[in-house]
Amino acid sequence: MNVKNLTRQENARTLCRVIADYRIAYPDPIVIRGGDDLIVGKEDAEYPGWVWCSSADGKSGWIPGDYIERAEGNARARYDYTAAELSANAGEELTMIEEKNGWAWCTNSKGQSGWLPVANLEKVV
């Protein structure tokens, strides 16, 4: 298992409540493995730290910039990653596993996981 996956699993889990509905914007997300070649595009102006990338299978999506290794005009994935998003309704409780550049990787009560904007969440104290 690669180190980044292990880190995500060991992060403290935080209970959150959805304060605004969120619907998946990209239903066919990019999924990459560490070492996969990437075509790197623009950086996200709204959420700095995210970069639009395409994989060899033609799928594209936002990838955290620190997950990309760039050398001599080439780019490849440092870690396994999926850009899967999670639709959620206001009032729903989720478990936040990781927060990155304005987005959170969360799991719902059905065991479904994905990214959604931190602005749509509040931490339950």
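Biologist: How do the residues lining the largest pocket divide into nonpolar, polar and charged?

Modeller: In this predicted model, 13 are nonpolar, two polar and two charged. Here Ala, Val, Leu, Ile, Met, Phe, Trp, Tyr, Cys and Pro count as nonpolar, Asp, Glu, Lys and Arg as charged, and the others, Gly among them, as polar. Local features need pLDDT of at least 70, side-chain atom pairs count only at pLDDT 80 or more, and totals for chains, interfaces and linings use all residues. Residues are numbered from 1 along each chain as its sequence is written, and side-chain values use heavy atoms, leaving out hydrogens and water.

Biologist: Which residues lie nearest the centre of the largest pocket?

Modeller: Rolling a probe the size of a water molecule over the atoms shows where empty space is left. A pocket is an open set of points, on a 1 Å grid over the protein atoms alone, where a 1.4 Å probe fits, with protein on both sides within 12 Å along at least five of seven lines; lining residues have an atom within 4 Å of a point. Among the 17 lining residues, Tyr22, Tyr26, Trp62, Glu85 and Trp103 lie nearest the centre. Strand E5 (60-64) gives the largest share of the lining, three residues. Strands (E, at least two residues) are DSSP runs, numbered from the N terminus.

Notes. Helices (H or I, at least four residues) and strands (E, at least two) are DSSP runs, numbered from the N terminus.
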